[in-house]
Amino acid sequence: MLLAIDVGNTQTCIGLYNGEDKSAFWRITTVSTNTADELVTQLYSLLAIGGLTVADVSGIAISSVVPMLTEQWRRAGEHFDCGAPMVLGYEVFKNYVKIDYPNPEEIGADRIAVAVAAIKLFGAPVIVVDFGTASNIEVINKDGAFIGGIICPGLATSAEALFAKAAKLSSISIEIPPSVIGNSTANAVRSGLTYGEIDRIDGLIMRIFDELGYKAPVVATGGLSPRVSGLSRTIDYINDDLTLLGLSLIYSQINGK
């Protein structure tokens, strides 16, 4: 089975795939100072918890937006007897993804992975909203080409910035309030964060539709997607496995499987 690893700024998602079928999934905190040995220990432990062993892993695919961890994960993958890990980057994806973008080498690996998975599941055109540390919107046009997108602060990042500057608000949990008009300071903050985030996304998507000249299915992914997507007027689907599935699909194309 393929061990697919998506290293994000806040969390790292790990899945085991047999083709397009996911057989196991784990989400761990990203620690930028982790060494390869520490990462191997975590992987071995997760496999053991799932009743699996190193022998169950036949390949490894890695997507990382944390440069100081990318090499550590690659080295960790070399502890498995399944060949060199595939680290998704421009030199890998340029031959497997249709891209209409001036400088494709600067595109984050995670952005390409979600695009590949979205095209597979929903066809083209399609728009992906990835709710993470940053909220990314990826646009695939009707020709099936990745043409760019939007990157803005994510829900949790916006909350952290607000709490850092307003000491009295720092103890407020991020939840969807019962109404847009907050009847307390806590609910006023919650409304601004949650409804503000989703209305920003909806507004940006409508602008994308205007710029494209046509509408497209919109799919939400990322750890925060279940929390706020239900408030959206433009999001049609939720699938929080898009990055890992995209890694699996690209790996399969490269290896002819």
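1. Tyr90 counts as partly exposed because its relative accessibility is 28%, whereas Phe93 is buried, with a relative accessible area of 0%; buried means under 20% relative accessible area, exposed over 50%, and partly exposed in between, with a 1.4 Å probe and protein chains only. This is a predicted model, in which local features need pLDDT of at least 70 and side-chain atom pairs count only at pLDDT 80 or more, while totals for chains, interfaces and linings use all residues. Residues are numbered from 1 along each chain as its sequence is written, and side-chain values use heavy atoms, with hydrogens and water left out.

2. A search of the whole structure finds four aromatic pairs, where rings of Phe, Tyr and Trp (its six-membered ring) pair if their centres lie within 6.5 Å, and planes under 30 degrees apart count as stacked, over 60 as edge-to-face and the rest as tilted. The rings of Tyr90 and Phe93 have centres 5.8 Å apart and planes at 75°, so this pair is edge-to-face.

3. Tyr101 and Phe146 form a tilted aromatic pair, at 5.9 Å centre to centre and with 45° between the planes. Tyr101 lies in the loop between α3 and α4 and Phe146 in strand β8 (residues 146–153), so the pair ties together parts that are 45 residues apart in sequence; helices (H or I, at least four residues) and strands (E, at least two) are DSSP runs, numbered from the N terminus. Tyr101 is partly exposed, with a relative accessible area of 21%, while Phe146 is buried, at 1%.
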